[in-house]
Every structure is written in C-alpha cells, then in structure tokens.
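Hello,

Here is the structure I promised to pass on. My notes follow below it.

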Number of protein chains: 2
Amino acid sequence: MKYTQITIKDIAKKIGVSPSTVSRALKDHPDISEKTRKEIQELAKELHYRPNSIALSLRQNKSNVIGVIVPQLVHHFFSQVISGIEDIVSKNKYNIIICQSNENYEREIQNIQTMITSHVAGILISRTKETCDDEHFKTVLDIGIPMVFFDRTYKELDTDKVIIDDIGAAYLATEHLIKAGCKRIVHFKGPDNLHISRKRLEGYRRALEVHNLKFDESLVILCDNLEDAMKTTQNLIDSNNLPDGIFAVNDNAAIGALKTLKRNNIAIPQQVAIVGFSNELISSITTPSLTTIEQNGYEIGKRAAELILKRINSKKEYPSQTIIVPTSLIKRESS
Amino acid sequence: MKYTQITIKDIAKKIGVSPSTVSRALKDHPDISEKTRKEIQELAKELHYRPNSIALSLRQNKSNVIGVIVPQLVHHFFSQVISGIEDIVSKNKYNIIICQSNENYEREIQNIQTMITSHVAGILISRTKETCDDEHFKTVLDIGIPMVFFDRTYKELDTDKVIIDDIGAAYLATEHLIKAGCKRIVHFKGPDNLHISRKRLEGYRRALEVHNLKFDESLVILCDNLEDAMKTTQNLIDSNNLPDGIFAVNDNAAIGALKTLKRNNIAIPQQVAIVGFSNELISSITTPSLTTIEQNGYEIGKRAAELILKRINSKKEYPSQTIIVPTSLIKRESS
C-alpha cells in the first residue's frame with residue numbers, strides 16, 4: 001500500500017534541469033526546446049507523475065475531497081442529490097466520495113470514521129432513520145471538519161442545513177386529495193424519530209383542519225415501505241375499512257398501496273386516490289402512474305454543495321445557515 | 001482541516017497512569033478500580049478518543065478502506081453489487097467509499113486519483129462505457145494497490161475479475177423468445193466498445209443460429225436507454241417494420257419499448273414479446289411486468305469483495321483469477 005509521490009523536483013534531478021524548466025515543459029511552454037519538452041514529458045509519463053491537485057494535496061495534506069453519507073443509494077432521490085453535489089463540486093475542482101449507512105446507526109458511525117481517516121475537506125450527510133445520538137457528528141465538528149446536513153437533519157446540532165418545506169409539501173398533497181373529493185384520508189406515516197415524518201404528519205393534519213375534516217388518529221398508520229404498505233392496505237380492505245384517499249410518506253409506501261388495491265380490483269382513483277412523496281423513478285411508470293411530491297433532490301444537492309464549499313473556503317466563522325428548497329405537486333393518474 | 005489523533009499515551013499522561021492501565025480501563029478490565037476506570041473513560045470521551053482501527057490506521061498509515069467505482073448509482077444492479085461488497089467487507093472490519101464515474105471517462109480518472117489520495121487498500125471498479133485507455137488503471141497497479149474489475153472489465157489488463165456469462169445469458173433470453181414463437185426478433189444492443197454489449201449480441205446471434213433463424217444485421221439496433229428505445233420503437237411502428245420479439249441489452253431500453261408499444265395499443269406479448277436484461281427494480285412493477293435476466297449483482301459484489309480482501313491480505317503474488325457468476329431468466333408477463 002506504500003508508494004512514493006513523484007514530484008517535479010525528482011524529474012528535474014533525473015534529467016539535470018531546474019524544476020521550473022520541468023514545470024514549464026509540462027505546460028508546453030514555448031521557452032523550452034521541443035527536445036527537452038519531449039524528454040521531460042516522456043519521463044513524467046514513465047514515472048506516473050500526476051501533475052494535478054493530487055500531488056499538491058498529498059504534500060500539503062490538504063484534501064480536495066468532500067465526503068457524502070446517504071442512508072440508501074437505491075433511492076432515486078439520493079442519486080439526484082448526488083448528481084447536484086457532483087455538478088457543483090467538480091466545477092470547483094473537488095471530488096466526492098460516498099458512503100452508504102444503509103439506515104444503520106452503527107454503519108453511520110463507521111462511515112463518519114472512514115471520512116475522517118480519508119481526510120475529507122467536508123462532510124455532507126443525510127442521517128439514518130435510527131440515529132438517536134449526535135456524538136459522532138460532534139466529533140466531526142470538534143475536529144474542525146465542516147458538515148452540512150441535507151433532507152434528514154439533526155435538529156439539535158448547530159450546522160448548515162438544506163431541507164425542504166415538509167409541512168408545506170404534505171399540506172399540498174393532502175389538500176389535493178381533499179379537493180379531489182376525498183373525505184376519509186389515511187396517512188401512511190414514517191417513524192416518529194425522523195423530523196421529516198413528524199413534519200409530513202403535521203402538514204396532513206393542518207390541511208384536514210383548514211378544510212374542516214376531523215383529524216382521526218386511527219387513520220394515521222406507521223408504514224413507510226413497499227412490503228408494509230401492501231400488508232396494511234390488505235388489512236384495510238379485509239376489515240372493510242377502506243379510505244377514499246391515501247397520502248403516503250414516500251413513493252414506495254404509495255406503490256405498495258397501489259399494487260394491493262389493483263390486485264383487489266379496487267379502482268384508482270375512483271374508489272381510492274393515492275398521493276406519494278419524493279417522485280422516485282418508478283412513480284411515473286406504475287399503472288396508474290403516481291401523483292407525488294417532487295423534492296428537487298438535484299437542487300438540494302447543489303445548495304448543500306455550495307454551503308460546504310463556502311464553509312471550507314471561508315477564513316472566518318459565520319452563523320449556521322438553513323436553506324429551504326421549494327417542492328411541487330406532480331399530478332398523475334392515481335388522484 | 002487539521003486535527004490531532006488522541007492516543008492512549010495522551011490519556012495516560014494526563015491522568016498520570018500507565019498506558020496499559022488506560023488500555024485495560026477502556027476495555028472495562030476488572031483489575032482497574034471503578035474510580036480510575038470511570039475517570040479514564042470520561043476523559044477518553046471528552047477528548048474524542050477513537051479506540052478502534054481508526055487510530056491504528058492513522059498511525060500505521062494502513063487503510064481499512066476499500067474504494068468502489070461504479071458508472072451510475074441509479075442502476076439497481078450497482079446498488080445490489082454495493083450491498084454484496086458491504087456485507088463481505090464489513091465482516092472483515094473494512095469500510096467502503098464509493099465514487100460514481102457517471103459514464104464519463106475524465107470523471108473515472110478523477111475517481112481513481114481520489115481513491116489514491118484517500119489511501120484506499122484496494123479498488124473495485126466497473127468501468128464507464130467511454131473508457132478507451134488503461135493508463136489510469138496501470139497507475140493504480142504500479143503503485144501497488146490491488147484492483148478487481150466487476151461486470152464491465154478491461155480485457156487487456158491482467159487483474160482479478162468478476163463477470164457474468166453474458167453470452168450464455170443473452171442466449172437464454174433469445175432462445176426464450178424463439179420458444180415463445182417469435183420469428184423476427186430485434187436486438188437493442190449496447191455500444192460496441194463495451195465487452196458486455198458484444199457478448200450479449202453474440203449470445204443473441206448464437207441462439208438464432210442454433211434455432212435456424214437467419215441473423216439479420218438490420219434487426220440489430222444501437223439503443224441502450226429509455227429515451228432512445230422509445231424513439232426507436234416508434235420508428236419501427238411508423239415504418240410498419242414491427243418485429244414479434246425484442247431482446248434489449250438492458251431493462252431501461254426494454255421498458256422504453258414496452259411503454260411505446262402500449263401507447264400505440266400493440267398487445268404485449270401477443271403481438272410483440274419483450275425480454276430485458278438486469279432485473280432493475282422497476283421491471284417487476286411495469287404493466288405488463290418485464291421478463292428479464294437476473295444478473296445476481298449481490299453475488300457479484302460478494303465475490304469481488306472476497307477477491308480484493310484475499311489480494312490485500314496475501315503476502316505472496318499469485319495469478320489473476322476470473323470468477324463467472326451464474327445468471328437466470330426471470331419469466332414475467334412481457335413474453
């Protein structure tokens with residue numbers, strides 16, 4: 001695993017010219033004769049000289065790498081966020097490395113440790129559903145590595161954040177169902193320890209209130225993935241307890257409902273209308289296609305990357321910033 | 001970005017005990033009095049002492065991180081590969097960092113550089129469609145970092161590889177269409193510079209030959225994504241040139257065909273049967289659901305991780321290995 005980093009000085013020594021000659025030859029400077037230029041460039045290639053930021057960062061111990069930690073790569077939302085991050089950081093000559101916590105708190109701690117040992121210049125993170133403690137985040141901040149949270153934040157920590165207006169988005173989704181004529185709307189909610197779950201539930205509740213529909217605790221069911229949604233929906237059908245609308249905390253849960261209703265020959269949206277959340281790739285491909293909330297993952301990634309670069313390159317301290325990225329309702333066939 | 005790594009010695013010095021006392025106190029050893037244990041553990045916490053492999057690897061400059069480079073994270077296949085890798089490496093106390101090349105050759109070179117500067121212990125890579133040169137791979141090998149290719153390899157390089165039997169899988173898919181009664185099967189192929197594209201085409205060709213169907217060059221069309229497949233399929237319809245079967249190089253292209261046929265009220269599989277490749281998540285959700293090839297990404301990831309760990313931990317050189325992971329046909333409604 002050991003290796004030596006070839007420098008301009010090494011090349012200069014081997015050929016017997018000055019380092020500045022090597023530097024200019026590598027940049028095709030016209031002051032250097034073609035013969036010398038060729039000789040230097042060939043030696044540089046042979047020795048695997050890396051002329052870019054790599055050599056510099058190895059010597060200066062300054063990293064041009066930003067670490068990104070996401071719960072699960074399989075979600076289209078997170079790949080969109082990563083694309084947004086990549087587009088901004090690569091323009092600024094930074095690269096990213098990605099770790100996946102797999103919704104596992106222990107794995108998240110390991111990821112943080114990996115990022116620290118990899119000497120990243122900053123960390124962008126969306127935390128797991130399980131995370132119940134912020135010791136590992138505090139370690140990062142104490143070490144002096146800037147950190148920006150996106151989507152799933154840790155409220156108690158004073159860091160930069162990029163979030164969406166979850167309450168507003170959930171309000172929009174629920175109001176859409178109400179306006180479509182739904183009177184008895186079930187909410188498939190996420191786990192209570194996630195801010196975004198609590199906020200989406202709050203948006204659902206507010207929309208009901210504003211439109212004079214009673215909030216009924218029994219219509220709020222913990223159910224945030226495909227399998228659970230299939231079981232829960234089947235239970236609702238079997239117990240003759242079918243609602244006329246379902247607002248799910250994410251698209252996977254919404255699709256679980258959709259598949260189960262279809263299998264039971266229940267008409268969507270005529271008998272039950274469905275709205276999801278996050279506009280996963282599959283949501284436009286299902287039959288019927290799924291009405292959902294566009295979270296603008298790409299925009300979230302861009303803004304998070306801008307915040308971390310600003311923090312990395314700032315010589316002064318400044319107060320934490322929170323950016324709220326707007327969302328929109330994508331109306332499709334399921335509502 | 002600078003930080004100091006707290007060691008057992010630092011804690012011992014501050015408290016005025018021996019390092020071995022600290023070490024035992026941190027392991028809750030009964031020889032150490034409860035008072036001392038508590039004092040040491042509290043100080044360790046306060047100083048953010050990291051007792052695990054991190055401190056060790058920082059001192060020894062030995063990395064327990066393996067780098068993974070994939071073309072695009074959005075493909076379910078690659079997230080499955082990553083899950084397989086994670087399950088094996090985490091059992092062996094390694095972590096992974098992931099870079100995405102975005103099918104961009106320049107980005108792949110940057111990724112390689114990032115992995116080198118991050119001092120990874122090994123690299124697992126599936127190359128981009130664009131990669132036309134192996135200089136950056138050779139740099140890795142020259143430095144002495146073990147590298148294993150999976151799925152998309154670089155044939156000329158002598159490294160460990162994990163691949164699937166693409167010819168066999170494509171043969172299976174095409175034969176399945178022939179046995180379902182198809183006589184005029186279009187193949188949506190991938191770019192020629194990718195081995196897997198050439199091999200899948202070869203499997204298609206062999207199946208036709210074995211079953212006495214003529215290989216017709218005009219039925220092989222370069223088309224490996226959703227958008228192109230939608231256009232190509234519409235062209236086939238508009239020019240009254242509809243085949244009775246389509247074998248696509250990947251699921252996205254197959255789904256592009258499926259959507260376009262449906263939109264034109266062409267019955268699947270009665271008028272046109274379709275088989276995809278790679279069993280993306282969406283392929284089971286489309287209507288009709290898609291017959292496809294299961295590539296066993298999870299298994300590929302596991303085997304690749306085993307190969308790299310073996311290489312990292314071996315004190316001797318040994319010849320390169322190639323592992324071929326079996327595939328299977330998943331029969332669904334589209335055929």
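Buried residues make up 48% of the 335 residues in chain A. Buried means that 20 or more other C-beta atoms lie within 10 Å of the residue's own; exposed means 12 or fewer, and partly exposed is in between, with C-beta atoms placed from the backbone.

Before the rest, some conventions. This is a predicted model, where local features need pLDDT of at least 70, side-chain atom pairs count only at pLDDT 80 or more, and totals for chains, interfaces and linings use all residues. Residues are numbered from 1 along each chain as its sequence is written, while chains are lettered from A and ligands numbered from 1 in the order in which they are written.

Overall fold. Chain A has twelve helices and twelve strands (DSSP runs numbered from the N terminus: helices are H or I, at least four residues; strands are E, at least two). Its radius of gyration is 26 Å, well over the 20 Å from the globule rule for 335 residues, so chain A is more spread out than a compact globule. That radius is taken over C-alpha atoms, and the rule is 2.2 Å times the number of residues to the power 0.38. Along the principal axes, the C-alpha atoms of chain A fill a box of roughly 90 × 40 × 35 Å.

Domains. Chain A is assigned domain 1 (8-59), domain 2 (64-164 + 297-325) and domain 3 (166-294). The bounds come from an automatic or database domain assignment. Over C-alpha atoms, the centres of domain 1 and domain 2 of chain A are 37 Å apart.

Interface. 38 residues of chain A are in contact with 39 residues of chain B (contact: C-beta atoms, placed from the backbone, within 7 Å). Helices H4 (53-60), H5 (76-91), H6 (105-117) and H7 (135-143) and strand E2 (95-100) of chain A each supply at least two residues of that side.

Symmetry. A rotation of 180° with 0.0 Å of shift along its axis puts chain A on chain B, RMSD 0.1 Å. The two copies are thus related as by a two-fold rotation axis. Superposition is by least squares on the C-alpha atoms of residues with pLDDT of at least 70 in both.

Helix H6 of chain B. Ten of the 13 residues of H6(B) are buried, so the helix is largely enclosed by the rest of the structure. Among them are B:Arg107, B:Glu108 and B:Ile112. Just after H6(B), B:His119 takes a positive phi of about 55°.

Best wishes

Definitions and conventions. Two residues are in contact if their C-beta atoms, placed from the backbone, lie within 7 Å.
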